[in-house]
Amino acid sequence: MNPIRVAPSVIAADFGYLRADVARAEQGGADMLHVDIMDGHFVPNITFGPAIVQTIQSLTKLPLDVHLMISRPRKFITAFVEAGAANLTFHVECEDDIRTAIDEIISSNRSVGLSVKPRTPLSAVRDYLGAIDRLLIMTVEPGFGGQKFMPDMMAKVEQAVTWRREGGFKYDIEVDGGLNSHTIWPAVRAGAEVIVAGTSVFSHADLGQAIQDLRDNAQAALADLDAPAPEETSG
Ligand code: DX5
Ligand code: ZN
């Protein structure tokens with residue numbers, strides 16, 4: 001049984017206070033940091049590259065969960081490995097050969113994740129499930145933080161649980177986008193184990209409390225599967 005892990009998404013940090021926000025996340029009990037890399041081509045936004053990942057890595061002992069929203073991930077595997085990524089996740093919708101990219105990440109001694117956008121059927125990743133460490137199911141259209149969680153994606157999470165059991169696979173199931181102490185209920189009930197949370201964590205004055213709220217709600221959601229999720233509150 002995989003415990004719930006919380007991965008604050010650095011995209012929602014205050015970049016003017018990156019050192020302080022990374023420290024807040026580490027001291028607040030994060031299990032890893034999620035780092036979104038966008039190239040302005042695969043998604044309609046640009047974030048940052050290996051130099052910033054290396055900076056983040058120098059500021060924390062937490063493993064970096066690097067999410068490559070880029071069209072050609074293979075070009076940058078070495079750069080992000082050298083920058084200190086612990087895990088490299090790329091998209092099945094990218095333009096590179098998927099199997100080759102997976103093999104290159106494995107050869108670099110990093111864990112490998114594969115991600116699916118909301119409109120991509122989960123069947124797109126099926127052939128690779130035996131080779132990956134992590135399956136990232138997007139719960140928003142990738143490109144921006146602060147979007148609304150898409151509950152329809154929970155069918156994919158449930159399917160991923162079933163395929164893992166049937167195939168004897170080992171991947172963790174990660175969800176990314178719009179996660180907060182309310183939406184974590186359907187997510188963990190469907191079977192998600194790695195919870196990426198940007199806005200809900202970094203916008204909270206007490207980041208440790210935000211992470212604890214996520215853990216408490218995950219536990220409550222799993223403890224009584226008939227209990228209704230609490231009403232969503234703003235902030
Ligand atoms: C979306 C990114 C996510 C997202 C998380 O493209 O991959 O990591 O920004 O941020 P919130 O939690 O604000 O949706
Ligand atoms: Zn992400």
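**Entry 1: conventions**

I count a residue as buried under 20% relative accessible area, as exposed over 50%, and as partly exposed in between, using a 1.4 Å probe on protein chains only. The model is predicted, and I therefore kept local features to pLDDT of at least 70 and side-chain atom pairs to pLDDT 80 or more, while totals for chains, interfaces and linings use all residues. Residues are numbered from 1 along each chain as its sequence is written, chains are lettered from A and ligands numbered from 1 in the order in which they are written, and side-chain values use heavy atoms, with hydrogens and water left out.

**Entry 2: Asn 109**

I looked up Asn 109 for its backbone, and found a positive phi of about 60 degrees although the residue is not a glycine. Asn 109 sits in the loop between α4 and β5 (helices are DSSP runs of H or I with at least four residues, strands are runs of E with at least two, numbered from the N terminus). At 68% relative accessibility, Asn 109 counts as exposed.

**Entry 3: the zinc ion**

Which residues hold the zinc ion (ligand 2)? I found His 34 through NE2, Asp 36 through OD, His 67 through ND1 and Asp 176 through OD, lying 2.1 to 2.3 Å from the ion. Donors here are N, O and S atoms within 2.8 Å of the metal (3.2 Å for Na, K and Ca), and water is not among the atoms, so a site may look incomplete. The site has six donor atoms, with angles of 68 to 169 degrees among them, and is octahedral. For the geometry, four donors are tetrahedral if all angles lie between 85 and 135 degrees; four are square planar and six octahedral if opposite donors are over 155 degrees apart and all others between 65 and 115; anything else is irregular.

I then read the spacing of the donor residues along the sequence, which is H-x1-D-x30-H-x108-D. Asp 36 in strand β2 (residues 33-38) and Asp 176 in strand β7 (residues 172-176) are 140 residues apart, and the pair links distant parts of the chain. Both Asp 36 and Asp 176 are buried.

**Entry 4: helix α1**

I went through helix α1 (residues 18-27) and found Leu 18, Asp 21, Val 22 and Ala 25 buried. Seen down the axis of α1, these buried residues fall within an arc of 100 degrees, so they line one face of the helix; the arc is taken from the directions from the helix axis to the C-beta atoms. The face turned away from the buried side carries Arg 19 and Gln 27, which are exposed. The buried residues of α1 pack against β1 (5-8), β2, α2 (50-59), α7 (199-202) and α8 (207-223), with contact meaning heavy atoms within 4.5 Å. Gly 29 follows α1 and has a positive phi, near 95 degrees.

**Entry 5: salt bridges**

How many salt bridges does a search of the whole structure find? I noted nine, a salt bridge being a side-chain nitrogen of Lys or Arg within 4 Å of a carboxyl oxygen of Asp or Glu.

Asp 21 is buried at a relative accessible area of 7%, whereas Arg 24 is partly exposed at 27%.

Arg 74 and Glu 104 form another, at 2.8 Å, N to O. Arg 74 lies in the loop between β3 (64-69) and α3 (77-83) and Glu 104 in helix α4 (residues 98-107), so the pair ties together parts 30 residues apart in sequence. Arg 74 is partly exposed at 36%, and Glu 104 is partly exposed at 27%.

I also found Arg 164 and Glu 193 bridged at 2.8 Å, N to O. Arg 164 lies in helix α5 and Glu 193 in the loop between α6 (184-190) and β8 (194-197), 29 residues apart, and the pair links distant parts of the chain. Arg 164 is buried with a relative accessible area of 15%, and Glu 193 is buried with 5%. Elsewhere, Arg 72, Glu 95 and Asp 96 are joined into one network by salt bridges that share partners.

**Entry 6: Lys 117**

Where is Lys 117 found? I placed Lys 117 in the loop between β5 (111-116) and β6 (134-138). Lys 117 is buried yet has no salt bridge, and the nearest side chain of opposite charge, that of Glu 141, is 4.5 Å away (Lys and Arg count as positive, Asp and Glu as negative, and His and the chain ends are not counted). Leaving aside neighbours within four places in sequence, I listed the contacts of Lys 117 as Phe 42, His 91, Glu 93, Met 138, Glu 141, Pro 142 and Lys 156.
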